[in-house]
Amino acid sequence: MRIMITNDDGYLSNGIRVLAEEASNFGEVIIVAPATGQSGKSHAITVCEPLKYSRHHDYVLPNVEVWSVHGTPVDCIKLGIHDMLEGRRPDVILSGINHGGNYSSSVHYSGTLAAVREAALLGIPGIGFSYYDYNPDADMAPARDVVSRLLPRLLTFKWPTSTYLNVNMPAGRSKGLRVCPVSLGHWLEKPNRYTDPFGQTYTWLDGEYIDDLPTGADTDYYWLKQGYTTISPCKLDVTDYEVISLLRNVDI
């Protein structure tokens with residue numbers, strides 16, 4: 001099996017190293033990941049400036065081919081498949097392990113999930129992994145344990161190529177697995193204003209997640225907060241078919 005791995009935390013993150021180590025038990029692994037952190041870039045691509053990339057022969061995993069790209073996670077998927085891999089089409093694309101959760105509305109903002117959404121657009125199975133600990137130096141042992149148990153099952157599981165899987169792992173030891181829908185919620189934005197040494201005002205965007213569903217709803221956010229690993233299948237088709245039928249009554 002040929003496995004391509006990316007993330008949005010950068011090719012030197014602890015999470016991607018752990019994922020690559022576990023994935024290497026199942027076949028050839030090629031990392032094509034951002035040179036620097038790209039969190040929150042969603043499905044952005046670089047079109048107004050050139051993309052630069054490098055191969056790293058001194059990476060900590062000697063049997064893993066590693067490339068870094070000065071671009072977004074989706075740039076990495078596009079370049080990896082159409083350039084670096086030189087026709088070696090991957091059997092599956094993995095993204096992560098992200099430092100921080102990607103539940104609910106974060107699936108729309110996340111570069112981690114955008115990478116496997118791009119995989120689905122290309123007809124390649126994709127799985128995104130996120131660990132609910134935002135510390136870049138977090139102990140990844142609990143996440144490694146979950147990934148080591150999930151990968152042999154998910155890599156042999158067949159799902160529609162228009163679907164990608166979103167896996168969220170709790171910080172610390174997981175109580176078990178829940179397959180569930182993505183929650184519905186929003187972020188209450190809290191911009192923090194500061195002044196730099198030159199007197200210029202700048203803003204550091206912060207916020208608080210607000211769950212819009214009742215407490216106890218069967219969702220990724222609820223189960224993750226209860227200490228469970230969640231799997232949420234997501235699909236490319238974003239059409240609202242009920243509204244289509246309503247709009248057909250509109251005429252001009």
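1. The sulfur of Cys180 lies 10 Å from the closest cysteine sulfur, that of Cys234, which is too far for a bond. Cys180 is buried, at 4% relative accessible area (buried: under 20%; exposed: over 50%; 1.4 Å probe, protein chains only).

2. The whole structure holds zero disulfides, a disulfide being a pair of cysteine sulfur atoms within 2.5 Å. Cys48 is in none, and its nearest cysteine sulfur, in Cys76, is 18 Å away. Cys48 is exposed, with a relative accessible area of 77%.

3. This is a predicted model, in which local features need pLDDT of at least 70 and side-chain atom pairs pLDDT 80 or more, while totals for chains, interfaces and linings use all residues. Residues are numbered from 1 along each chain as its sequence is written, and side-chain values use heavy atoms, without hydrogens and water.

4. Asn166 sits in strand β7 (residues 163–169); strands are DSSP runs of E, at least two residues, and helices runs of H or I, at least four, numbered from the N terminus. Asn166 counts as buried because its relative accessibility is 0%. Its side chain reaches the backbone oxygen of Asn102 at 2.9 Å.

Technical notes
Polar contact = N/O pair within 3.5 Å; in protein donor to acceptor, adjacent residues only side chain to side chain.
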